[in-house]
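Open the model in your viewer and keep the sequence panel beside it. The tour below moves from one selection to the next.

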Amino acid sequence: MKTIIYKIKMTDDLQKVVSEDSRIYSSMVRFSFNRYKEGCSYKEVYNILAKTFQIGSHLRNCAARQASGIYNLNKDKKVVFGKFKRFQRGLISKEELKDSRNCGIWSEGEVPYRGNRLFKIDVENQKIIYKRSRNEHFDLEIVEKLNDKRKAILQKLQVLMQEKKLPVTFRLKKDKIYISYDEKTVEKEKQFKNLFQNRILGIDLNPNYFGISILEFDRKDNYKVIYKEAIDLEKL
């Protein structure tokens, strides 16, 4: 699994929305972890979350799964969320402690839902779309200047997600988006290199000839002809 990180920018109103969702999600992870320690099963934990927290079912599922992973790795250890020991020593403020306990919004990738239920990549407009609900979609603008390599990665992930070939996990925290994916799956799909996303190939089949044309579209859906040819079949 490989993770890439991009710096993003949000409006003040969106920042409030993300902060609230992050707060609830982080609370669900800690809450779920404590229920696992009490001996609850995943199904029991999820049902309790559904009755306790007002947030989408996908994030409840992700929180329960993330907490399960933490619990399974630390069954015989004492787990403290955040930098509580530093707070006890007076090394950080209460606000910094609160911030250290915030794990952001974690959305596990799912192939049937075009890679991820809550997040969508839009390379052309250099943004990530946060689909908070069916009617609430927010733009997370990627503010860094993307070099060819980092842009190519996003383009490849966008295509594979749209084609339902790759689950991609997103984690949104503060001003960063963390994108995790199986690089082996991406490598297998690299046999088609340097494709232009804004070009199409058209083939016109007729009894006496084949017509071939390549069109290139701009952002306004205007196009120009890059190549055209008619192949005569009569002599065949």
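Begin with the hairpin that joins S4 to S5 through five residues, where strands (E, at least two residues) and helices (H or I, at least four) are DSSP runs numbered from the N terminus. This is a predicted model, in which local features need pLDDT of at least 70, side-chain atom pairs count only at pLDDT 80 or more, and totals for chains, interfaces and linings use all residues. Residues are numbered from 1 along each chain as its sequence is written, and side-chain values use heavy atoms, with hydrogens and water left out.

Select residues 137–142, strand S5, which pairs with S4 in the antiparallel sense over five bridges; two strands count as paired if DSSP finds at least two bridges between them. Within this pair, tyrosine 130 has phenylalanine 138 in S5 as its bridge partner.

Now select S4 itself, residues 127–131: four of its five residues are buried, so the strand is largely enclosed by the rest of the structure (buried means under 20% relative accessible area, exposed over 50%, and partly exposed in between, with a 1.4 Å probe and protein chains only).

Four residues lie between S3 and S4 in their hairpin, and glutamine 126 in the turn has a positive phi of about 50 degrees.

Finally, go to glutamate 163, in the loop between helix H6 (148–162) and strand S6 (169–173). Glutamate 163 is partly exposed, with a relative accessible area of 42%.
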